[in-house]
Amino acid sequence: MPGTVHINANIHTPLDPGRALAGSEQGRVMTLARGALWHHRGVIKAVGPQEEVLSRAGDDAEIIDCQGRAMIPGLVDPHTHMCFAQTREKEFSERIQGVPYLEILKRGGGILNSVDSVRKASREDLLKTTLEHLDLALAHGSTTVEIKSGYGLDTENELKMLSVIELAGQKASQDIVATFLGAHAIPREKKDRPEEYVDLLIDEMIPKVAEQGIAKFADVFCEKGVFTKEQSKRILLAGKKHGLLPKLHADEVHDLGGGGLAAQLKAISADHLLAVSPESIAEMAKAQVVAILLPATAYSLKKPYAPARTMLEAGLAVALATDCNPGSSYVLSMAFVFGLAVMQMGLSLEEALTAATLNAAYALNLGHKVGSLEPGKQADFCLLAGESPAVIAYRAGINPMAAVYKKGRLAASTQRSL
Ligand SMILES: N=CN[C@@H](CCC(=O)O)C(=O)O
Ligand SMILES: [Zn+2]
């Protein structure tokens, strides 16, 4: 059985040069009217003009008619905190009345409330919530998702979170990538002794996380009142020594030079960057650090969006993510994030598509496997409820996915004819 051919699709995909597409390259997307995609055993065999692909696949292939819908690569969400126990609606109400996000954390709420509930939660309960989040993300097109720890803030609970994230990866349809974020906040018990917590991270937590073998990356929330630039550097260097590649929550509220630090450490990504300086942007471009932008967080925190156009002009590769978490962005839809990027940050549809697929894949070291529709990559793709990716921003507020395929299998669908 030579697999399945999806015919009559308007195909839109970035083409993979073996790295993220940066600067003026980011908007280069291949489009193909009446295209076809042939896959077998979860892997793409061919993408091209319909007649050509059909003749290569042979007479025995199953045929599925996409009815002129747009086909794009499965979306990649490279920054989430979707493993948590309880939402924080009360805090959201406070924030929209003007209480700043960092003020809530300073008062012992915010992230620290999530830590209280995650420490109390059983593995089963955490898994249940995480899987519910993953199902919703899948329905909105996310076929690959990164999930961070960071609501345990002690060795036992950080390892617990990472083991739940691993289990979620075994049970969910998506590919899941785990990141260790023990440096998400200073836990209550170390409030007056932050250096002691940094030592604990370096001497105990990072070695144990590395030994556990689930996390691929280490991340730090480098921010005023959280971790300083110097502490962030020490933690990420210790992670690197143990094989955890660095990522950084950088310049989200204040410019601490986090983007520059990410460049210095050759981090795979620097994320947020709402307050990043032009100097840090230039350093990131030189070091080829992917800028992961999280516009749903700017939306939820009512802050100015990250300077995406300046970044592209400086030659940076931009990726997009939901940042799904119970505080600053309870958003699971990459489609919503795509819409914000186009409507609020000035990305073209093509730049946003690359940001949500290929560049997001490279920000997780998965560019060889996912992020574009090309032979040899996984057959992860979305059919849109429209003829082009414009529909994702155009039909705001509804789910623009007609169907989501993971490794060639229909994983979620909103339309009966598929
Ligand atoms: N800013 C730091 N961490 C998360 C928010 C986590 C939370 O508030 O629970 C973020 O990326 O926005
Ligand atoms: Zn985050």
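Trainee: What classes of residue make up the shell around ligand 1?
Mentor: By class, three are nonpolar, nine polar and two charged. Here Ala, Val, Leu, Ile, Met, Phe, Trp, Tyr, Cys and Pro count as nonpolar, Asp, Glu, Lys and Arg as charged, and the others, Gly among them, as polar. Keep in mind that this is a predicted model: local features need pLDDT of at least 70, side-chain atom pairs count only at pLDDT 80 or more, and totals for chains, interfaces and linings use all residues. Residues are numbered from 1 along each chain as its sequence is written, while chains are lettered from A and ligands numbered from 1 in the order in which they are written.

Trainee: Okay, and which residues come nearest to ligand 1?
Mentor: I111, F221, N325, G327 and S328, of the 14 around ligand 1. A residue counts as near if its C-beta atom, placed from the backbone, lies within 6 Å.

Trainee: New topic: how do the axes of α7 and α8 cross?
Mentor: At roughly 5 degrees, coming within 10 Å. Axes are lines fitted to C-alpha atoms, for helices over the stretch in contact, and angles run from 0 to 180 degrees between N-to-C directions. Helices (H or I, at least four residues) and strands (E, at least two) are DSSP runs, numbered from the N terminus.

Trainee: Parallel or antiparallel, then?
Mentor: Roughly parallel, therefore; that label covers angles under 35 degrees.

Trainee: And what is the order of strands in the open sheet?
Mentor: β6-β7-β8-β9-β10-β11-β12-β13, with parallel pairing; two strands pair if DSSP finds at least two bridges between them. The edge strands are β6 (75-77) and β13 (318-320).

Technical notes. Angles under 35 degrees count as roughly parallel, over 145 as roughly antiparallel, 65 to 115 as roughly perpendicular and the rest as oblique.
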